[in-house]
Amino acid sequence: MKYSVYGELPFDEAKAPTKTQYECDVLVIGGGYAGLSAAVTARKAGMSVVLVDKGRPGYSGQSPHVCCTRWFDPDKGDERETVEKLYYHEGEYLANRNWFDVWIKESKSVYELYTELGLTEQYPDANSTGFAENDDYFGYRDLVGNRLRHKRFMPGLLKNGVTVVDHTMIYDVVEEAGKVIGAVGFDVASGTPMVFHAKATILCMGSGVYRPAGWPTGGASFDAISIGYRHGLPIIGQEFEDYHSAKGDSPSNAWAKEAFPYLQNMMLNGGEERKVNLDKLTGTGSAIATCVVEGGKPYQSDAPSWHPFLWKNDHPDDVRNNRVDTDEPKNQPGGAYGVAPGMPVHTVSGIFCGCEDTVGYTGIPGLYCAGDGCNGGPVGGATYAGRTGFTSNFFGLQGKRSGEAASEYVKSSHVELKKISPEKVQQLHDEYTAPMRLEKGYDAVWALDCLQAAMTPFWTLLVKSEDRLNAALVNVLYIRDHVLPKVMAMDAHDLKNCTELRHKVLQAEMKLRLSLERKESRGCHYREDYPFRDDENFLCYFVAEKGQDGAMEIRRVEYPDAWKGDRSEPYLQRYTSYFPGEKEAAAAHGLL
C-alpha cells in the first residue's frame with residue numbers, strides 16, 4: 001500500500017517487525033553510554049538482557065557528540081582534595097557528594113569498560129591530518145572509516161550477548177502489584193505494538209530539547225522524566241538551563257562546530273585538576289556565562305577563565321595527556337546559544353532517587369534509572385561542574401551501577417517473570433494511538449512551533465523574571481489543555497511526534513514552575529528579579545511531582561548541611577562569578 005501525507009510524495013507503508021514480544025531478566029531502555037554500560041554490566045552478571053532504543057545505539061540522542069572522557073586516577077597523581085574543591089565550588093554547593101564519592105572510586109573502571117568495547121581507540125585527529133584546515137569533513141571521515149566510536153556500540157552489545165531492538169519507542173513501563181514488570185511501546189516505522197516482559201527495567205532514555213538543531217540528534221524528548229512523572233516519581237533540576245552553543249555565524253546549527261569532534265577519536269582527559277593549575281580552574285562552569293544578551297554578558301566573572309586546551313598535565317606517561325599539544329580545530333569554538341533549547345544542564349536533572357541513592361533505584365521495585373537527563377543525581381549541582389569528558393564517564397558509571405543493582409534485585413529477590421497482560425497492552429495501545437483516531441485536529445509539528453515560540457526566547461529560558469515566566473506558563477498550559485487533546489497522526493512517524501510533543505509540553509511546565517519557585521540566581525538559573533545567591537532560603541533542591549489530584553506540585557527537598565560548604569566564608573570568596581546587579585542586590589540584603 002502507498003499513501004501520501006501533507007502533500008508529500010507517496011511512500012511505502014513500513015512492514016511490521018517479525019518479532020513483537022520479548023522476555024528477559026533486565027530490560028534496558030536507551031542505547032547511549034548509560035544504556036550501553038547498564039546492558040553489558042547486567043549481561044556480565046549472568047542476566048538475559050534486552051536493550052531497546054528509539055533510534056540505534058551509538059547514534060541516538062546526545063551519544064553521537066561524546067568526543068572525550070575522563071576519570072580519576074590517584075596512581076597518576078590526581079588530588080582528591082583539589083578535585084573535590086573544584087567540583088563543589090562550581091556546582092555552587094548543590095552537588096550530590098555521594099555520587100561524587102562513587103565517581104572518585106569507580107570512574108577508572110568505566111574507562112576500562114569503554115576501552116574493552118573499543119570506544120577509546122586513538123587515531124590521528126583532524127588537525128594533524130590537515131583535514132580541519134581545509135574544512136574537509138568527508139575526506140577525514142573516509143580516512144578514519146570504521147574506527148568511529150559510534151560504530152562500536154552495536155558490536156560491543158552483540159558480542160556480550162545483549163539482544164538489541166532498535167527504532168522502537170517505549171510509551172510506558174507497566175506496574176503490577178507495586179512492581180515494574182516491563183514496558184510497552186511501538187515500532188516507529190510501522191506503529192506495530194511492541195511488548196517487553198522483564199523482571200527489572202532500567203530507564204536510560206536521555207534528556208531532551210524542544211527541537212534539535214544538530215545537538216542532540218533527533219528524538220531527544222524527555223521520555224524518561226515523562227514516564228517517571230506518570231508513575232509518581234519526583235523530577236529534579238529542570239530550572240537549570242543548558243541551551244548549548246554554536247558558532248555566531250550559524251547560531252542554530254551545532255554541526256558548524258561539532259562535525260570534526262563527532263568524527264575524531266574519543267579524547268582522554270584528566271590530570272589537570274591540581275593545585276598548580278588552580279588559578280586556571282577556579283571559575284564558573286555555567287553555560288549562561290558566554291551568552292550575549294543585549295550586547296553584554298549576563299554572567300560577569302572576577303575569576304580567571306579556564307579553557308580545556310590551556311592546562312598542563314606534568315605526567316608525560318599519563319594516557320590522558322593527549323590534549324596538551326593539540327591545537328583546537330578552527331571550527332570548534334562557539335558562543336551563540338540556542339542549539340538545544342530547553343535542555344537542562346548535564347548531570348543535574350532527571351528522576352530524583354534521593355540524596356543517599358547511588359544505584360539509580362527509583363523506589364518502585366524493579367525500576368532503575370541512569371544517564372543524562374534521566375537520573376537526577378545531581379552531581380553537577382547548579383551548573384555543569386565537571387571538566388570536559390566527565391559526562392560520558394559519569395553516566396557510564398550510573399549505567400554500570402544500575403546494571404549491577406538490577407541484576408542483584410533479580411537474583412536476591414528471586415523475581416519471577418510476570419507477563420504484561422493483553423488487556424494492559426491494549427489499554428496503553430489505545431492511549432498512544434488516540435491521535436490516529438481523530439478525523440480533524442492539529443499537526444504536532446505546528447504545535448511544537450507554538451511551544452518553541454513560548455519557551456525558547458532568551459528572556460524566557462536564560463534571563464528569567466516572574467512576569468515573563470508566568471506569561472510563558474499561560475501559553476504552555478493552553479497548549480497542554482487545548483492543543484494536545486487535538487493533535488492528530490496519520491502514520492507511525494506522526495504518532496511518534498505526538499507522543500514526544502506531550503513529553504516536551506510536560507517538561508516545559510516543569511521548567512517554568514521550578515524556575516518560579518527558585519527565587520534566586522544560581523549556576524545556570526538567572527532571575528533578574530532575584531539576581532543573587534540566597535543561601536539562607538535556597539540551598540535546597542526542588543522537585544516536580546504529580547499530586548493526588550493529578551496536578552503538578554512543587555516540593556522542597558533538604559539535603560545535608562555538610563554539602564553546603566563553608567557558610568561563614570565571605571560572599572565574594574564563596575562565589576567568584578556574578579550576575580548583572582548581583583553585588584548591589586547582595587549588598588542590599590546584607591550579604592557583603
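Is A177 buried or exposed? A177 is exposed, at 79% relative accessible area, where exposed means over 50%, buried under 20% and partly exposed in between (1.4 Å probe, protein chains only). These legends describe a predicted model, in which local features need pLDDT of at least 70, side-chain atom pairs count only at pLDDT 80 or more, and totals for chains, interfaces and linings use all residues. Residues are numbered from 1 along each chain as its sequence is written, and side-chain values use heavy atoms, with hydrogens and water left out.

**Figure 1. The whole chain has 17 helices and 21 strands.** Helices (H or I, at least four residues) and strands (E, at least two) are DSSP runs, numbered from the N terminus. Out of 592 residues, 61% count as buried. The chain exposes about 22,700 Å², and carbon and sulfur atoms supply 51% of that area; the areas come from the Shrake-Rupley method with a 1.4 Å probe, and for residues only the protein chains shown count as cover. Take the contacts (heavy atoms within 4.5 Å) with a separation of 6 or more: 77% of them involve residues 24 or more positions apart.

**Figure 2. Helices α3 and α9 pack with their axes 8 Å apart.** Two packed helices are described by the angle between their axes and the distance between the axes. Here the angle is about 95 degrees, so α3 and α9 are roughly perpendicular to each other. Axes are lines fitted to C-alpha atoms, for helices over the stretch in contact, and angles run from 0 to 180 degrees between N-to-C directions. Angles of 65 to 115 degrees count as roughly perpendicular, under 35 as roughly parallel, over 145 as roughly antiparallel and the rest as oblique. On the α3 side, the residues in contact include W99, W103, E106 and Y111; on the α9 side, F390, F394, L397 and K400 are among them. Sorted by class, the α3 and α9 contact has nine nonpolar, six polar and three charged residues. For that sorting, Ala, Val, Leu, Ile, Met, Phe, Trp, Tyr, Cys and Pro are nonpolar, Asp, Glu, Lys and Arg are charged, and the others, Gly among them, are polar.

**Figure 3. E106 and K400 form a salt bridge.** Zoom in on these two and you find their closest N and O atoms 3.1 Å apart. The pair links distant parts of the chain, with E106 in α3 (residues 97–116) and K400 in α9 (residues 390–412), 294 residues apart. K400 is buried, at 14% relative accessible area. A salt bridge here is a side-chain nitrogen of Lys or Arg within 4 Å of a carboxyl oxygen of Asp or Glu, and a search of the whole structure finds 38 of them.

**Figure 4. D529 and R527 meet in a salt bridge of 2.9 Å, N to O.** D529 is partly exposed at 32%, whereas R527 is buried at 0%. Salt bridges with shared partners also join E239, R518, E520, R522, D535 and R574 into one network.

**Figure 5. Helix α6 packs against helix α14 at an angle of about 75 degrees.** The axes of α6 (residues 223–230) and α14 (residues 492–517) are 9 Å apart, and the two helices are roughly perpendicular to each other. D223, I225, S226, Y229 and R230 of α6 meet H503, L506, Q507 and M510 of α14. That gives four nonpolar, three polar and two charged residues.

Figure 6. Most residues other than glycine have a negative phi, and most peptide bonds are trans. A177, in the loop between β7 (168–176) and β8 (179–187), has a positive phi near 55 degrees. Y93 has a positive phi near 70 degrees; Y93 lies in the loop between α2 and α3 and is buried, at 7%. A cis peptide bond joins G377 and P378, with omega about -10 degrees, and P378 is in the loop between β16 (367–369) and α9.
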